[in-house]
Amino acid sequence: MKAAIYKGINRIEIEEIDTPEMTTGTLVLKVDAVGVCGTDLKTYKRGHPFFQPPCILGHEVVGTVVRVNDASDGDLLGRTFAVPPYLGCGNCEFCKRGFSELCKNKVWFNGAFAEYILVPVELIRKTMAELDHGVNKVLATLTEPLACAIHGVKRLSIQDGRKVLVVGAGPMGLMISMFLRDKGCEVTLSEVNKTRVVKAQALGFLTIDANTVSLSEFSARNGKFDHSVIATESADIVQEVFNCVRPGGKVELFGGMPRSVKVHIDPYYVHYEEIDLIGSFGFSVQDFNDAFGELKIRHETYSKLITSQFTLDQIESAFEAAMRPENLKVIVSMH
Ligand SMILES: [Zn+2]
Ligand SMILES: [Zn+2]
């Protein structure tokens with residue numbers, strides 16, 4: 001079968017490799033479509049501690065079950081699912097307390113930029129995000145990133161305040177914003193890249209062009225925000241965001257920053273103003289199911305995020321395209 005092998009920084013090559021061999025508790029999925037994720041791009045551009053070359057990237061997958069190892073899984077054959085790249089083990093303290101995104105014994109599948117992948121059956125059984133009329137294969141690749149966005153929004157407690165600043169109008173910032181808006185929040189998106197400011201405006205969002213006005217200036221003029229989600233890698237912006245969130249609000253670090261980066265904040269805001277600094281990472285089973293349900297109801301909204309599609313052979317072009325600001329979600333579609 002064909003697979004896109006990540007060989008190191010700026011190197012990804014299509015190779016012919018063996019189709020995966022099944023073991024107990026696994027099945028073979030014929031890949032239908034895979035989203036290119038920010039994590040894939042980071043790995044391609046500068047390497048990643050979790051993904052050592054040679055390996056296969058890609059985890060936002062939709063595929064059809066073509067072979068099962070255990071006869072008891074025969075009911076899954078021929079059915080198409082959005083499959084989460086990982087789930088918590090279900091047994092550890094984190095999983096039992098409902099924080100499965102923090103589980104240290106997660107069940108995984110390996111990268112999905114390939115014709116076939118081996119998947120632990122429980123990833124499908126626990127979510128059963130089966131495609132039907134409401135959502136097509138390409139759109140369903142958004143289930144995983146949307147699950148991460150929903151997880152981030154749940155950590156905000158928007159029942160206490162609905163005026164939210166989202167920093168960064170990339171695909172994740174936009175997905176978070178769309179979900180917040182659907183939940184009745186007033187969302188303002190701040191972005192440095194002009195092309196993305198225009199994109200966010202075209203999607204109907206209030207925007208701050210961060211080249212022309214600082215967040216502090218903006219909030220001095222327009223009032224403070226209840227909460228803010230930082231969906232960029234920029235550590236420098238964090239203090240600036242504290243300046244424009246009201247006392248008792250929340251500032252969430254949604255975007256992952258490199259380990260070497262340090263964030264400087266004035267503890268005054270945390271202590272005297274009780275602004276919480278929180279993080280968000282990954283998703284739980286519930287978030288994944290919520291995301292799939294959301295895509296079914298609001299397919300028109302979320303399909304606007306998909307700006308181009310490529311075949312597996314065009315994987316390098318897909319990665320290059322995903323790095324250009326005029327593109328939002330780029331999907332590798334197998335057929
Ligand atoms: Zn992803
Ligand atoms: Zn666990």
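User: What spacing do the donor residues of the zinc ion (ligand 1) have in sequence?

Analyst: The pattern is C-x21-H-E-x83-E. This is a predicted model, where local features need pLDDT of at least 70, side-chain atom pairs count only at pLDDT 80 or more, and totals for chains, interfaces and linings use all residues. Residues are numbered from 1 along each chain as written, chains are lettered from A and ligands numbered from 1 in the order written, and side-chain values use heavy atoms, with hydrogens and water left out.

User: Which atoms coordinate the zinc ion (ligand 1)?

Analyst: Cys37 (SG), His59 (NE2), Glu60 (OE) and Glu144 (OE), at 2.2 to 2.6 Å. Donors here are N, O and S atoms within 2.8 Å of the metal (3.2 Å for Na, K and Ca); water is not among the atoms, so sites may look incomplete.

User: Why is the arrangement around the zinc ion (ligand 1) irregular?

Analyst: The four donor atoms subtend angles of 85 to 171°, and that makes it irregular. Four donors count as tetrahedral if all angles lie between 85 and 135 degrees; four count as square planar and six as octahedral if opposite donors are over 155 degrees apart and all others between 65 and 115; anything else is irregular.

User: Where do Cys37 and Glu144 sit?

Analyst: Cys37 is in the loop between β3 (26-35) and α1 (38-46), and Glu144 is in helix α5 (residues 143-154), so the pair ties together parts 107 residues apart in sequence. Helices (H or I, at least four residues) and strands (E, at least two) are DSSP runs, numbered from the N terminus.

User: Is Glu144 buried or exposed?

Analyst: Glu144 is buried, at 8% relative accessibility. Cys37 is buried too, with a relative accessible area of 11%. Buried means under 20% relative accessible area, exposed over 50%, partly exposed in between (1.4 Å probe, protein chains only).

User: Now the zinc ion (ligand 2). What are its protein donors?

Analyst: Cys89 (SG), Cys92 (SG), Cys95 (SG) and Cys103 (SG), lying 2.3 to 2.4 Å from the ion. Their spacing along the chain is C-x2-C-x2-C-x7-C. Cys89 and Cys92 are buried.

User: What is the geometry of the zinc ion (ligand 2) site?

Analyst: Tetrahedral, with angles of 103 to 117° among the four donor atoms. Ideal angles for four tetrahedral donors are 109.5 degrees.

User: Switching to domains. How is the protein chain divided?

Analyst: Into domain 1 (2-146 + 283-333) and domain 2 (156-279). The bounds come from an automatic or database domain assignment. The C-alpha centres of the two domains lie 28 Å apart. The contact (heavy atoms within 4.5 Å) takes 18 residues from domain 1 and 17 residues from domain 2.

User: How much area is buried between domain 1 and domain 2?

Analyst: About 1,500 Å², with carbon and sulfur atoms giving 65%. In domain 1, Leu305, Pro325 and Leu328 lose the most area to domain 2, together 33% of what that side buries. Buried area is the accessible area (1.4 Å probe) that two parts lose on being put together, summed over both.

User: And α6, how many of its residues are buried?

Analyst: Nine of twelve, so α6 is mostly covered. Among them are Pro171, Leu174 and Phe179. Just after α6, Gly184 takes a positive phi of about 90°.
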